[in-house]
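Please read the points below with the sequence and the model side by side.

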Amino acid sequence: GLTIEAWVRVESSAAIDGVMRVISNRSDAGGIGFGQVAGRLFFTMFQRQDIPTVGRYIKPGVAQHIAVVLVGQQAQFYVDGVQVEVRNANAPSFAS
């Protein structure tokens, strides 16, 4: 599996409407990325699959701990230690 986590703080509602990358390592072969888009947590396996949450969890002016955990064929999303969604995912090559 794989876990990516970070503390984030978005200062305004206008900033939430944009894209915030926590990690991104895109290459010609693919790569991964994690962050938020319009308040939704967003994990991508570049050139393979984009996995956004349905709900909007990012709040302006509040420090939040966000995480995505890849286990088998699932992407589990967490906010402040609480699992908020589980989405189907095609397992990347580094999953065990």
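**Notes on the predicted model**

1. Strand E3 is largely enclosed by the rest of the structure, because five of its six residues are buried, where buried means under 20% relative accessible area, exposed over 50% and partly exposed in between, with a 1.4 Å probe and protein chains only. Strands, labelled E, are DSSP runs of at least two residues, numbered from the N terminus. This is a predicted model, in which local features need pLDDT of at least 70 and side-chain atom pairs count only at pLDDT 80 or more, while totals for chains, interfaces and linings use all residues. Residues are numbered from 1 along each chain as its sequence is written, and side-chain values use heavy atoms, with hydrogens and water left out.

2. E3 belongs to an open sheet of four strands, ordered E2-E3-E4-E5 with antiparallel pairing; two strands pair if DSSP finds at least two bridges between them. Strand E2 (19–24) and strand E5 (49–52) stand at the edges with a single partner strand each, so one side of each is left without a neighbour in the sheet. From one strand to the next the twist averages 20°, with axes taken as lines fitted to C-alpha atoms and angles running from 0 to 180 degrees between N-to-C directions.

3. On one side, E3 is joined to E2 by five bridges, the two strands running antiparallel, and here Val19 stands opposite Val37 of E3. Six bridges join E3 (residues 32–37) to E4 (residues 40–45), again antiparallel, with Gly33 opposite Thr44 in E4 and Gly35 partnered by Phe42. The hairpin of E3 and E4 has two residues between the strands, and Ala38 takes a positive phi near 55° there.

4. Glu85, in strand E8 (residues 82–88), deserves a separate look. Glu85 is buried but has no salt bridge, and the nearest side chain of opposite charge, that of Arg87, is 4.4 Å away; a salt bridge is a side-chain nitrogen of Lys or Arg within 4 Å of a carboxyl oxygen of Asp or Glu. The side chain of Glu85 does reach the backbone nitrogen of Val54, at 2.9 Å. Leaving aside neighbours within four places in sequence, Glu85 is in contact (heavy atoms within 4.5 Å) with Thr53, Val54, Gly55, Tyr57, Ala75, Gln76 and Phe77.

5. Val71 lies in strand E6 (residues 63–71) and counts as partly exposed, because its relative accessibility is 42%. The C-alpha atoms of Val71 and Thr3 are separated by 8.9 Å, although these residues are 68 residues apart along the chain.

Conventions. Lys, Arg positive; Asp, Glu negative; His and termini not counted. Polar contact = N/O pair within 3.5 Å; in protein donor to acceptor, adjacent residues only side chain to side chain.
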